[in-house]
Amino acid sequence: QVQVEESGGGLVQPGGSLRLSCAASGSIFSIAAMTWLRQAPGKQREWVATITSGGSPSYTDSVNGRFTISGDNAKNAVYLQMYNLKPEDTAVYYCRFRARSRTGSLEYYLGQGTQVTVSS
């Protein structure tokens with residue numbers, strides 16, 4: 001059993017900052033990549049950022065330069081530092097781990113999400 005839990009969401013004014021955290025626990029091994037996704041009201045879930053086990057980050061264009069993803073493989077944790085937040089960043093943010101299960105298969109593990117609301 002693998003549990004993935006996000007934290008750090010909340011209400012912030014435009015231009016403000018937030019730091020999201022996410023940790024996986026249980027039978028999760030050999031993390032290949034850690035990803036943040038988000039889903040705004042009435043829209044499909046979209047990719048935000050990924051960091052590989054080797055530490056290489058990538059970002060969707062709309063957050064590049066404003067968000068920073070980082071990971072800690074030893075702690076099975078991933079973080080998303082968000083700066084200069086905009087109302088269009090309002091969404092439920094999910095983290096996802098790509099890792100091996102107890103049986104060795106490569107799996108995706110998704111959290112339940114944390115709400116980020118950017119509003120004055």
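Are Cys22 and Cys95 buried or exposed? Cys22 is buried, and Cys95 is buried too. The views below come from a predicted model.

**View 1. The disulfide between Cys22 and Cys95.** The count of disulfides comes to 1. The bond joins Cys22 to Cys95, with an S to S distance of 1.7 Å. Cys22 sits in strand E3 (residues 18-26) and Cys95 in strand E9 (residues 91-100), so the pair ties together parts that are 73 residues apart in sequence.

**View 2. The largest nonpolar core.** This core holds 30 residues. Trp36, Val78, Leu80, Met82, Tyr93 and Phe97 touch the most other members. Several strands give two or more residues to the core, among them E3, E4 (29-39), E5 (46-52) and E7 (67-72). E8 (77-82), E9 and E11 (114-118) do as well. The largest share, 5 residues, comes from E9.

**View 3. The surroundings of Met82.** Residues up to four places away in sequence are not counted here. Met82 touches Gly16, Ser17, Leu18 and Leu20, among others. Its contacts also include Arg66, Phe67, Tyr93 and Val116.

**View 4. Asp89 and its polar contacts.** Asp89 lies in the loop between E8 and E9. Its relative accessibility is 1%, so Asp89 counts as buried. The Asp89 side chain makes a polar contact of 3.0 Å with the side chain of Arg38. Another polar contact, of 2.8 Å, joins the side chains of Asp89 and Arg66.

Notes
Residues are numbered from 1 along each chain as its sequence is written. This is a predicted model: local features need pLDDT of at least 70, side-chain atom pairs count only at pLDDT 80 or more; totals for chains, interfaces and linings use all residues. Side-chain values use heavy atoms; hydrogens and water are left out. A disulfide is a pair of cysteine sulfur atoms within 2.5 Å. Helices (H or I, at least four residues) and strands (E, at least two) are DSSP runs, numbered from the N terminus. Buried means under 20% relative accessible area, exposed over 50%, partly exposed in between (1.4 Å probe, protein chains only). A nonpolar core is a set of buried Ala, Val, Leu, Ile, Met, Phe, Trp, Tyr and Cys residues joined through side-chain atoms within 4.5 Å. Contact means heavy atoms within 4.5 Å. A polar contact is a pair of N or O atoms within 3.5 Å; within protein, one must be able to donate a hydrogen and the other to accept it, and residues adjacent in sequence count only if both atoms are side-chain atoms.
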